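The paragraphs below go through the structure one element after another. Please keep the sequence and the 3D view open while reading.

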Amino acid sequence: MNPTILKLGGSVITEKDRAETLDGAALDAAADAVAEAMEGGDVSELVLVHGGGSFGHHHASEAGVTTTDGSGDAADAIAIHGAMKTLNQFVLSRLHERGVPALPVHPLSAGARDADGDLDLPMNQAATMLNEGFVPVLHGDVIATAGEGVTVLSGDEIVTTAAEHLSADRVGLCSTVPGVLDGNDEVIPEITAFEDAADALGGSDADADVTGGMAAKVRQLLDLGAPASVFGPESIGAFLAGEQPGTTIRGR
Ligand code: IP8
């Protein structure tokens with residue numbers, strides 16, 4: 001059995017509009033679902049990734065740092081990375097309180113981007129942790145980038161990299177919406193090509209939306225070797241139990 005990868009969106013576990021504010025109830029509920037799934041044997045190898053929410057994004061926008069526009073100022077890098085480590089510590093403690101053997105992996109200390117923007121994020125720590133029975137918890141971060149200082153590394157990019165390197169069986173993205181929504185706000189059950197959702201996502205395949213939003217997520221997930229599900233917080237347990245809540249994205 002290969003690992004399952006679950007991303008907890010930053011806007012799920014934090015209050016997005018108030019700087020560095022946790023949504024403790026939402027994080028508790030997510031940690032409960034993870035602990036139950038591990039205890040019940042629904043999932044044996046799990047990699048968790050979380051986004052930035054009001055921790056990373058607040059500091060990144062103050063410093064003007066994006067996934068492509070960097071900063072050469074160490075203070076900017078530390079402000080963003082420090083906030084993400086604080087959020088990561090909250091996630092780890094809530095998991096530890098429930099007996100989940102979670103360990104942090106901080107991307108800033110592990111990888112880099114080259115001048116073409118290509119990411120090199122080794123997964124040997126995560127793979128070894130999994131073999132030893134731990135749950136690696138990675139997070140959106142800043143990352144050293146050739147010619148830019150540091151740039152933002154999003155949790156979504158970590159998910160796709162981890163899914164490839166670790167040959168993940170399944171990928172789940174928990175977001176604040178119950179799936180990819182069509183024009184009537186109904187969940188689209190399955191997407192096998194970008195055209196299936198292009199109208200709802202408001203763009204053609206040629207759109208240059210690479211920094212965020214659902215269109216970028218769908219495009220990246222269509223490229224994965226593993227099926228991916230996009231669902232809301234109420235469906236974390238169902239996803240870990242092997243169900244396909246929300247929208248299933250299966251590109252190949
Ligand atoms: O919330 C971004 O991760 P995301 C993390 O997954 C930072 O886009 C540092 C802003």
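Nine of the 11 residues of helix α6 are buried, so this helix is largely enclosed by the rest of the structure. Buried here means under 20% relative accessible area, exposed means over 50%, and partly exposed is in between, computed with a 1.4 Å probe on protein chains only. Helices (H or I, at least four residues) and strands (E, at least two) are DSSP runs, numbered from the N terminus.

This is a predicted model, in which local features need pLDDT of at least 70 and side-chain atom pairs count only at pLDDT 80 or more, while totals for chains, interfaces and linings use all residues. Residues are numbered from 1 along each chain as its sequence is written, and side-chain values use heavy atoms, with hydrogens and water left out.

The buried residues of α6 are Gly155, Asp156, Glu157, Ile158, Val159, Thr160, Thr161, Ala162 and Ala163. Thr160, in this helix of residues 155-165, counts as buried because its relative accessibility is 12%. Leaving aside residues up to four places away in sequence, Thr160 touches Gln220 and Leu224; contact means heavy atoms within 4.5 Å.

Just after α6 comes Ser167, with a positive phi of about 45°. Ser167 sits in the loop between α6 and β9 (170-174), and at 43% relative accessibility it counts as partly exposed. Most residues other than glycine have a negative phi, and most peptide bonds are trans. Glu20 also has a phi near 45°, a positive value in a residue other than glycine. Glu20 belongs to the loop between α1 and α2 and counts as partly exposed because its relative accessibility is 37%.

Which residues carry the UniProt feature "binding site"? The UniProt record, an unreviewed entry, places it at Lys7, Leu8, Gly9, Gly10, Ser11, Gly53, Gly213 and Lys217. UniProt positions are given in the numbering used here, feature names are shortened, and annotations may be inferred rather than shown by experiment.

Two of these positions can be followed in the model. Gly10 is part of helix α1 (residues 10-13) and, at 8% relative accessibility, counts as buried. When residues up to four places away in sequence are not counted, Gly10 touches Gly51, Gly52 and Gly53. Gly53 lies in helix α3 (residues 53-63) and is buried, at 3% relative accessibility. With the same exclusion of residues up to four places away in sequence, Gly53 touches Gly10, Ser11, Thr14, Lys16 and His58.

In α3, the buried residues include Gly53, Ser54, Phe55, Gly56, His59 and Ala60. The buried residues of α3 pack against α1, α4 and β8 (149-153). Just after α3, Gly64 has a positive phi of about 70°.

Helix α4 also meets α2. The axes of α2 (residues 24-39) and α4 (residues 74-97) come within 9 Å and cross at roughly 50°, which makes α2 oblique to α4. Axes are lines fitted to C-alpha atoms, for helices over the stretch in contact, and angles run from 0 to 180 degrees between N-to-C directions. Angles under 35 degrees count as roughly parallel, over 145 as roughly antiparallel, 65 to 115 as roughly perpendicular and the rest as oblique. On the α2 side the contact is made by Gly24, Leu27, Asp28, Ala31 and Val34, and on the α4 side by Phe90, Val91, Arg94 and Leu95. These residues divide into six nonpolar, one polar and two charged, where Ala, Val, Leu, Ile, Met, Phe, Trp, Tyr, Cys and Pro count as nonpolar, Asp, Glu, Lys and Arg as charged, and the others, Gly among them, as polar.
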